[in-house]
Amino acid sequence: MGELSGKPGPNDALTDVAGLRVGHARVGGAYALSGSTVVLAPEGGFVAAVDVRGGGPGTRETDALDPRNLVQRTDAIVLTGGSAYGLDSASGVVAWLEEQQRGFRIGLDPAQVVPVVPAACLFDLGRGGDWRRRPNAATGRAAVEAAARTGVGAPVEQGSVGAGTGAVVGGLKGGVGTASVRLASGATVAALVVVNAVGSAVDPLTGVLYGEYFQGRVAYPGEEVHREAVRRTQEAREESARRYAQSVHPPLNTTLAVVATDAELTRAQAQKLAGTAHDGFARALRPVHQLTDGDTVFALSTGARPLLSGEQDPAFAVQLAAGALNEVLAAGADTVSQAIVKAVRAAEGVDGPGGIFPSYRDLYPGTG
């Protein structure tokens, strides 16, 4: 693949798609390791779609995103820890949106709205030591309020934050990562990923992050460094198995992503973007889409930029539109794999009552 087919936006983040805002909140308490992340739309909402590939998904309101169904735009997407319990965080976002009079209009009164807030969860129960410390409506509200407080185009905090607070990938600490690319056409495509996979992000033969093989710049750790990292990882897994509830087998996980663009997409085209973005999972995680993953990708379009600019020959309109969409689809997968690499590199290691989850940067210092 080599370098992404364009240059990163100013923040190299989801917020490089103009109008999008991101907010994180985490569950409080000494034995909590979970949280929620909200992607907030600009006024008027965004076109959204979803593609679920994992065998153990936990979702809310995803049927509303089917292109055949009534609601055409939504105002927020929620990514959350806490497994199915954590989906309650979307209720806090719904309540906040109602207060802002944002949502699907039902009556003449502007307050008569029903906010449609799709959400997906990952499994992180007990990783802080307390099985019952998980996101709820208050966590979701805190995350959407955090998003609303940020300025348009603000940087996005990465690593062990929000829905990535308790994320783990192949025994290492996972988290939130984000990346963007500005295409030659002027369109921006960006991704935010919460990396919490059953599979690994690290090549066991070299210690290189799988996603970096596709970026054209690979820094190989020394052999001694890699051997020591493998040893420490195995020790951490054995100790975590002893501490971590001693009953969660096999491991339960799920990687979540939001891919967004300012290119004007129909809901069917957005659904195609969500599907092809899963290729970024496959490049950067191995294995992926397991029965104990609930891997889910949301795709968003703000519609600020026409997919095609200028006058087009009607005889070739379909082919030209397909070519323009292909660039967006390819960039979606690229930014997902890049965001996974950034998430793993930004994560901070944990040593607590719920287990030991070392970070990649602690195991492989000086590699990026």
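The expected span of a helix is 1.5 Å times one less than its number of residues. In this predicted model, helix α3 runs over residues 137-149, and its 13 residues reach 18 Å from the first C-alpha to the last, close to the 18 Å expected at 1.5 Å a residue.

The buried residues of α3 are T139, G140, A143, V144, A146 and A147. Because these residues cover an arc of only 155° around the axis, they are on the same side of α3. The face turned away from that buried side carries A138 and R149, both of which are exposed. Among the elements that cover the buried residues of α3 are the strands β1 (21-26) and β2 (35-40), together with helix α2 (89-99).

## T188 in strand β12

T188 belongs to strand β12, which spans residues 188-195. With a relative accessible area of 1%, T188 counts as buried, the cut-off for that term being under 20%. When residues up to four places away in sequence are left out, T188 touches D16 and V17, V181 and R182, and also A260, T261 and D262.

## A333 in helix α6

A333 is found in helix α6, which covers residues 317-346, and is likewise buried, with a relative accessible area of 3%. Leaving aside residues up to four places away in sequence, the residues that A333 touches are T276, A277, D279, G280 and R283.

The position of A333 can also be described relative to A190, which is 143 residues away along the chain, with 9.6 Å separating the C-alpha atoms of the two residues.

Rolling a probe the size of a water molecule over the atoms shows where empty space is left. The second largest pocket of the model has a volume of about 220 Å³, and its lining is made up of 13 residues, of which V202, P204, V230, T233 and R237 lie nearest the centre. Helix α4, formed by residues 223-243, gives the most to this lining, contributing five residues.

Note on methods. Residues are numbered from 1 along each chain as its sequence is written. This is a predicted model: local features need pLDDT of at least 70, side-chain atom pairs count only at pLDDT 80 or more; totals for chains, interfaces and linings use all residues. Side-chain values use heavy atoms; hydrogens and water are left out. Helices (H or I, at least four residues) and strands (E, at least two) are DSSP runs, numbered from the N terminus. Buried means under 20% relative accessible area, exposed over 50%, partly exposed in between (1.4 Å probe, protein chains only). The arc is that of the directions from the helix axis to the C-beta atoms. Contact means heavy atoms within 4.5 Å. On a 1 Å grid over the protein atoms alone, a cavity is a set of points where a 1.4 Å probe fits but cannot get out, and a pocket is an open set with protein on both sides within 12 Å along at least five of seven lines; lining residues have an atom within 4 Å of a point. Grid points are joined across faces, edges and corners, and a volume is the space filled by probe spheres set on the points.
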